[in-house]
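Thanks for coming. I will go through the helix packing, then the sheet, and end with confidence.

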Amino acid sequence: MTPTRFEALPLAAPLHRVLRELHYTTPTPIQAQAIPLLLQGRDLLGCAQTGTGKTAGFALPILQALHERPRQVRPRTCRTLVLAPTRELAGQVGKSFTTYGQHIRFRQTLVYGGVGQVPQVNAMRAGVDVLVATPGRLLDLIDQRHIDLSQVEFFVLDEVDRMLDMGFLRDVKRIVAMLPARRQSLFFSATLAPNIVELAQTILRDPAHISIAPETTTAENIEQQVCFVSREAKRPLLEQLLRAQAGAKDQKLTIVFSRTKHGANKLAKSLCAAGFGADAIHGNKSQAQREKALDRFKRGLTPVLVATDVAARGVDVRAIGLVVNYDLPNEPEAYVHRIGRTARAGADGRAVSFCSEEELEYLREIEKIIRMPIPRWDDHDWHIEELAARHARGKSGVFKTPHSSHQAGRGGGRSRGRGRR
Ligand code: AMP
């Protein structure tokens, strides 16, 4: 029997408290399965995509262990090591630990490349409970003797398929070789190709297997579309989309992503002026303001929420039917994260991205990581064929030219894509 509510899971009081504060009531399938096994100390092989709640699935039991068995950490060591393929993902995992562990005393830090190493070295000097790292920089700091892995109790390899795609196999093996034999290891990958299973076998000890069926995970059910438009046309196009949404029989909630806080505010105001129930959430709003906005959104009182990436992190509203990327994210991973807001729990969802001339490069990067062209939707008054053609020309030979859908909106021309990471 898998628990259907968090209360049924034997988690410590400070974790139950944070779950209540985050309004998480029901564990996702991976959480319901993984948390009890991990609390028993089992190793885990998890086949799950992002958006399934896997981060809380591993962070909660680890935080529980740190809380129940507090220990003075030795200089330059860590009790938990999480390896993630990119700086962006490492940052997200780090933030999740901070959020879920906010009522627990523990120390954590991030180690990743592309920035100066001195603050990272300083942060590691006294040792930490949780270290989230990308493989390259971690090895750099180990080689310089700033980090020592001999005290690792929990080892998490996240998004292993991407890690291997990025050529980190050797680095991962080197890191694993430095870990103590007595440890609990967790291994997550969106796919389990033979080379991945082979690697898992060298790392895990009698692991429990959990597989969250790919056909019901978020990305499979999302209809993705891109509109090539000018910056000025974005507002009227959004209004057209929202009008169609508001007129639909089963009216669902919409989340609109803006790159900046200022842009989010401005957009929410202008949508309100145009008669849509809209509100904005972003980092400049207080926790209380954000909670209030979220609550009104969930209840459908303001069915349109304009958000920045950071503010949308905790938003889990199952009834979100439409995600609009008003601005494309400059971090391609954020695209996957954003569209993961819709089509939760096996429901269908639609994600429409607006791409203006300045954003063609972002679109290219996104299509590279999701490994598919996003079908274009051009049946609206603001389509710029020249931009679409430039995009198609600029693409590498990896993709076929996306088909052009001349059928409006939700009905025909549905083209589902695998938004795999
Ligand atoms: P992840 O797959 O770990 O990236 O999680 C995806 C998103 O789901 C994150 O934004 C979490 O805040 C949110 N989330 C995770 N678990 C739950 C839950 N049990 N209830 C509601 N939201 C959740």
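In α14, the residues L360, L363, R364 and E367 meet L387, R390, H391 and G394 of α15; a contact here means heavy atoms within 4.5 Å. Sorted by class, the residues of this contact are three nonpolar, two polar and three charged. For the classes, Ala, Val, Leu, Ile, Met, Phe, Trp, Tyr, Cys and Pro count as nonpolar, Asp, Glu, Lys and Arg as charged, and the others, Gly among them, as polar.

Before going on, some housekeeping: this is a predicted model, where local features need pLDDT of at least 70 and side-chain atom pairs count only at pLDDT 80 or more, while totals for chains, interfaces and linings use all residues. Residues are numbered from 1 along each chain as its sequence is written, and side-chain values use heavy atoms, with hydrogens and water left out. Helices (H or I, at least four residues) and strands (E, at least two) are DSSP runs, numbered from the N terminus.

Back to that pair. Helix α14 covers residues 360-370 and helix α15 residues 385-394; their axes lie 11 Å apart and the packing angle is about 45 degrees. Axes are lines fitted to C-alpha atoms, for helices over the stretch in contact, and angles run from 0 to 180 degrees between N-to-C directions. The angle therefore makes α14 oblique to α15. Under 35 degrees counts as roughly parallel, over 145 as roughly antiparallel, 65 to 115 as roughly perpendicular, and the rest as oblique.

Next, α10 and α11. Helix α10 (residues 234-247) and helix α11 (residues 261-273) have axes that come within 11 Å and cross at roughly 55 degrees, so α10 is oblique to α11. On the α10 side the contact uses R235, L238, E239 and L242, and on the α11 side L267, S270 and L271. That contact has four nonpolar, one polar and two charged residues.

How close do the axes of α2 and α3 come? They come within 9 Å, crossing at roughly 25 degrees, and α2 and α3 are therefore roughly parallel. α2 contributes I30, Q31, A34, I35, L38 and L39, while α3 contributes K54, A56, G57, F58, L60, P61 and Q64. Nine of the residues in this contact are nonpolar, three polar and one charged.

Now the sheet. It is open, has seven strands in the order β3-β4-β2-β5-β6-β1-β7, and the pairing is parallel. Two strands pair if DSSP finds at least two bridges between them. β3 (108-111) and β7 (208-211) are the edge strands, each pairing on one side only. From one strand to the next, the twist averages 15 degrees. Helix α9 (residues 194-203) packs on the sheet and touches β1 (44-47), β5 (154-157) and β6 (184-189); the direction of α9 makes about 170 degrees with that of β6. Within the sheet, β2 (residues 78-83) and β4 (residues 128-133) pair over five bridges, and L81 stands opposite L131 in β4.

Last, confidence. pLDDT is the predictor's confidence in each residue, from 0 to 100. The chain has a mean of 86, with 86% of its residues at 70 or more. Residues 214-218 are below 50, and that stretch has 14 contacts beyond near neighbours in sequence. Residues 396-421 also stay under 50, with 78 contacts beyond four places in sequence in the model.
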